[in-house]
Amino acid sequence: MSNMKLRLAIQKSGRLHDDSMRLLKECGIDISNGVNKLKSEASNFPLEVFFLRDDDIPQYVEDAVADIGFVGENVVYEKKKKIDVVEKLGFGKCRLSIAISKGENYTSAAFLQGKRIATSYPVLVEDFLKANNITAEIHEISGSVEIAPGIGLADAICDLVSSGSTLFMNGLQEVEPILQSQAVLVKNEQLSPEQQAILDKLLFRIQSVKKAKNNKYVLLNAPNDKLDEIISLLPGMKSPTVLPLAEAGWSSVHSVLSETQFWDIIEKLKAAGAQGILVVPIEKMII
Ligand code: ATP
Ligand code: MG
């Protein structure tokens with residue numbers, strides 16, 4: 001049997017680190033994360049994990065120092081490396097947005113004409129300006145971008161935002177999201193068939209974890225004369241499971257509901273006479 005391992009690059013520390021480690025754990029992959037370690041091997045999956053600065057991950061994957069990586073789309077599209085984006089991972093959600101001082105009035109991107117914009121994302125900002133036929137000065141700075149307008153370095157900034165509280169605390173208002181971002185799995189463009197086979201195994205697990213997170217297992221009791229109506233409300237993977245209850249005239253109905261339709265359907269189920277509704281998280285979903 002081959003002892004080849006797939007090499008995965010993840011963020012060493014920072015906003016993506018914990019969720020990256022959690023996802024591997026949920027995929028049943030055990031990795032010891034020793035403090036200050038540069039790399040670590042999974043004990044039960046052909047995977048070696050490198051811990052790196054997130055900005056460096058696209059380059060390492062392009063150069064095949066790592067085969068795959070978990071990294072934010074914002075970094076992937078800023079670096080423009082030759083790598084493939086394979087799968088969205090559902091964490092690290094944020095947006096890259098233009099922000100200006102609270103007092104100013106922004107009606108369109110034309111506001112930025114001739115202005116100075118401070119950012120750590122010069123490539124993405126340039127793309128945005130070009131697409132809007134605007135000429136502006138881009139000042140690349142590597143951190144604390146939000147203080148640039150306050151110290152007179154720039155008229156606007158472009159930075160990552162999730163809640164907006166950092167902007168608010170610095171007297172700024174978000175006026176234009178230019179990219180929605182989340183963590184993605186990227187891969188080297190030339191994986192060997194053997195490496196691709198390991199990646200396919202990992203992807204299958206990641207997709208099962210993601211599906212499980214987006215779905216809930218629902219159990220409810222229904223009077224038999226309302227069963228048809230209740231069953232018609234349930235999408236489920238196949239038809240729902242219906243079991244007779246000990247109490248005559250009642251049945252127990254089991255099904256799977258997606259997060260997006262969840263509240264809507266639960267309300268309709270209640271209105272249709274369902275009782276004792278239990279909602280249970282699903283750990284893995286293999287379909
Ligand atoms: P490193 O030391 O690895 O270079 P960093 O300081 O560049 O770390 P973090 O602040 O840890 O990076 O952010 C890593 C990634 O987390 C971002 O590139 C982005 O994809 C994602 N992210 C999610 N929400 C936010 C947010 N509110 N602000 C910044 N990044 C966010
Ligand atoms: Mg970084």
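These legends accompany several close-up views of a predicted model.

Local features are shown where pLDDT is at least 70, side-chain atom pairs count only at pLDDT 80 or more, and totals for chains, interfaces and linings use all residues. Residues are numbered from 1 along each chain as its sequence is written, chains are lettered from A and ligands numbered from 1 in the order in which they are written, and side-chain values use heavy atoms, with hydrogens and water left out.

**View 1. Tyr-106 and Phe-111 form an aromatic pair.**
Rings of Phe, Tyr and Trp (its six-membered ring) pair if their centres lie within 6.5 Å; planes under 30 degrees apart are stacked, over 60 edge-to-face, and the rest tilted. The count by this rule is 2 aromatic pairs. Here the arrangement of Tyr-106 and Phe-111 is tilted, with 5.5 Å from centre to centre and 50° between the planes. Both residues are buried (buried is under 20% relative accessible area, exposed over 50%, partly exposed in between, with a 1.4 Å probe and protein chains only). A charge sits over a ring if NZ of Lys or CZ of Arg is within 6 Å of the ring centre and within 35 degrees of the ring normal.

**View 2. Phe-262 and Trp-263 meet edge-to-face.**
The ring centres of Phe-262 and Trp-263 are 5.0 Å apart and the planes stand at 75°, so this pair is edge-to-face. Phe-262 is buried at 7% relative accessible area, whereas Trp-263 is exposed at 60%.

**View 3. Lys-102 sits over Phe-168.**
In this view, the charged end of Lys-102 is 3.9 Å from the centre of the Phe-168 ring.

**View 4. Asp-54 and Asp-55 coordinate the magnesium ion.**
Donors are N, O and S atoms within 2.8 Å of the metal (3.2 Å for Na, K and Ca); water is not among the atoms, so sites may look incomplete. Asp-54 is buried, at 18% relative accessible area, while Asp-55 is partly exposed, at 29%.

**View 5. Glu-48 and Lys-39 form a salt bridge.**
A salt bridge is a side-chain nitrogen of Lys or Arg within 4 Å of a carboxyl oxygen of Asp or Glu, and a search of the whole structure finds 14. For Glu-48 and Lys-39, the closest N and O atoms are 3.3 Å apart. Glu-48 is buried, with 13% relative accessible area, and Lys-39 is partly exposed, with 45%.

**View 6. Lys-88 and Glu-73 join a strand to a helix.**
The closest N and O atoms of this salt bridge are 2.9 Å apart. Lys-88 lies in strand β5 (residues 83-88) and Glu-73 in helix α3 (residues 73-79), so the pair ties together parts 15 residues apart in sequence. Helices (H or I, at least four residues) and strands (E, at least two) are DSSP runs, numbered from the N terminus. Lys-88 is partly exposed at 43%, but Glu-73 is buried at 6%.

**View 7. Glu-87 and Lys-210 meet in a salt bridge.**
The N to O distance between these side chains is 2.7 Å. Glu-87 lies in strand β5 and Lys-210 in helix α6 (residues 193-213), so the parts that this pair ties together are 123 residues apart in sequence. Glu-87 counts as buried at 13% relative accessibility, and Lys-210 is partly exposed at 25%.
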